[in-house]
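Please have the sequence and the structure at hand while reading.

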Amino acid sequence: TTEIYTLSLHDALPISGMGIFSTPLREAIRLRLERAEQTMLFLNRRGYSTTLQCEKCGFVAGCPNCSVSLTFHRRAQELRCHICGHHEGVPAQCPQCANPAIRYSGLGTERVEDVLSRLFPKARVRRMDSDTLQRKEDYRQVLTEFRTGRIDILVGTQMIAKGLHFPNVTLVGIIHADLSLHMPDFRAGERTFQLLTQVSGRAGRGDVEGEVFVQTFTPFHPAIQFARRHDYLGFYEQEVEFREQLKYPPWSRVALLTLRGRNEEKVKFSAEHLRKRLDEQLRDWKEIVIAGPAPAPLLKAESYYRYQIMIRTRAMARLSRELSVLESTQEWPDDIRLTVDIDPVNLS
């Protein structure tokens with residue numbers, strides 16, 4: 001059996017937790033170490049710090065190819081983009097105003113590992129993410145060491161969330177449960193519920209009762225509360241009602257049209273023209289929702305700007321035929337590309 005507790009991150013995190021661990025979670029880890037039981041800590045974000053910024057002028061180190069900030073990786077001493085792979089050295093001062101007090105903010109698994117080593121210097125801590133596991137053998141080796149008790153605390157990203165059975169794991173800590181909750185995607189609540197359920201299932205699989213501590217800024221969000229109570233039916237009933245009101249799946253199907261190119265103004269203009277074509281071509285339709293054009297949640301990726309139009313309808317077969325006609329008759333500038341994704345897995 002497993003008991004799940006939610007901990008509000010709005011409450012002040014103690015200095016002894018170094019801004020990451022609430023007092024209950026820190027004490028729970030200490031208790032497991034005393035009992036020779038194992039702990040798994042989950043954070044779905046790699047790196048040491050997510051942002052390098054200057055408080056003096058407001059500069060933030062960003063990727064030149066994508067509309068995201070660069071993540072600081074301490075061990076490699078470099079800044080990396082997790083979208084396109086761009087990497088560069090760490091500046092000693094602000095590149096914009098030469099302020100030497102440039103600082104890092106946010107956290108990733110590398111920082112969690114580092115803080116754990118300082119809080120519990122005798123604990124055997126290992127990290128599992130794509131930065132530490134370069135080969136298949138690395139994955140098997142870490143799991144073997146954890147299974148045989150040579151690791152006390154395992155820190156990892158989504159790869160530790162499911163499918164692992166370790167009877168001696170009696171504590172699971174979810175460092176920041178909100179990362180996937182507020183994404184601009186109608187499935188955000190569903191994915192958060194699913195992830196919390198999967199992660200919490202790693203604790204209490206042996207004879208000893210397990211505990212799960214969920215640290216979050218929104219402890220009363222339905223996805224988190226339903227997951228805490230293992231209430232699958234309750235979550236389904238609320239989620240399906242929300243989707244019915246807004247005509248999201250399963251009450252409709254989705255077609256995501258994405259225009260991309262290297263010139264943002266040209267992409268935006270092409271997307272607006274596409275919307276006019278759609279309004280003309282589908283003006284006699286009933287029960288169809290056309291949203292956009294709007295910038296994609298990740299506006300720029302790998303040097304390409306992207307604008308999207310989302311269409312929701314129950315008559316996907318007919319819509320597919322209409323879109324096929326549109327694609328074959330509409331000409332775009334040479335550097336503009338249109339992609340059509342039917343029933344997209346994510347909207348980014």
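The lining of the second largest pocket divides by class into 11 nonpolar, two polar and two charged residues. In this grouping Ala, Val, Leu, Ile, Met, Phe, Trp, Tyr, Cys and Pro count as nonpolar, Asp, Glu, Lys and Arg as charged, and the others, Gly among them, as polar. The model is predicted: local features need pLDDT of at least 70 and side-chain atom pairs count only at pLDDT 80 or more, while totals for chains, interfaces and linings use all residues. Residues are numbered from 1 along each chain as its sequence is written, and side-chain values use heavy atoms, with hydrogens and water left out.

The second largest pocket holds about 240 Å³ of space. Of its 15 lining residues, P184, P297, Q308, M310 and L347 lie nearest its centre. Two or more lining residues come from each of β13 and β14 (304-313), and β13 gives the most, with five residues. Helices (H or I, at least four residues) and strands (E, at least two) are DSSP runs, numbered from the N terminus.

The spaces are found on a 1 Å grid over the protein atoms alone: a cavity is a set of points where a 1.4 Å probe fits but cannot get out, a pocket is an open set with protein on both sides within 12 Å along at least five of seven lines, and lining residues have an atom within 4 Å of a point. Grid points are joined across faces, edges and corners, and a volume is the space filled by probe spheres set on the points.

The largest pocket has a volume of about 1,200 Å³. It is lined by 34 residues, and N44, R45, L179, S180 and M183 are the closest to its centre. The elements giving two or more residues to this lining are α4 (188-200) and β13 (288-301). The largest share, seven residues, comes from α4.

One cavity of 30 Å³ or more is present in the structure. Its lining consists of I4, I174, L196, S200, V212, V214, I224, A227 and R228.

| Space | Volume | Lining by class |
|---|---|---|
| Largest pocket | about 1,200 Å³ | 15 nonpolar, 13 polar, six charged |
| Second largest pocket | about 240 Å³ | 11 nonpolar, two polar, two charged |
| Largest cavity | about 40 Å³ | seven nonpolar, one polar, one charged |

Helix α4 also packs against helix α6 (residues 232-246), at an angle of about 165° and with the axes 11 Å apart. That makes α4 roughly antiparallel to α6. Axes are lines fitted to C-alpha atoms, for helices over the stretch in contact, and angles run from 0 to 180 degrees between N-to-C directions. Angles under 35 degrees count as roughly parallel, over 145 as roughly antiparallel, 65 to 115 as roughly perpendicular and the rest as oblique. G189, E190, F193 and T197 of α4 make the contact with Y232, F235, E239 and R243 of α6, where contact means heavy atoms within 4.5 Å.

The axes of helix α7 (residues 264-281) and helix α8 (residues 316-329) come within 12 Å and cross at roughly 130°. α7 and α8 are therefore oblique to each other. Their contact involves L274, R277, L278 and Q281 of α7 and E322, L323, V325, L326 and T329 of α8. By class, these are five nonpolar, two polar and two charged residues.
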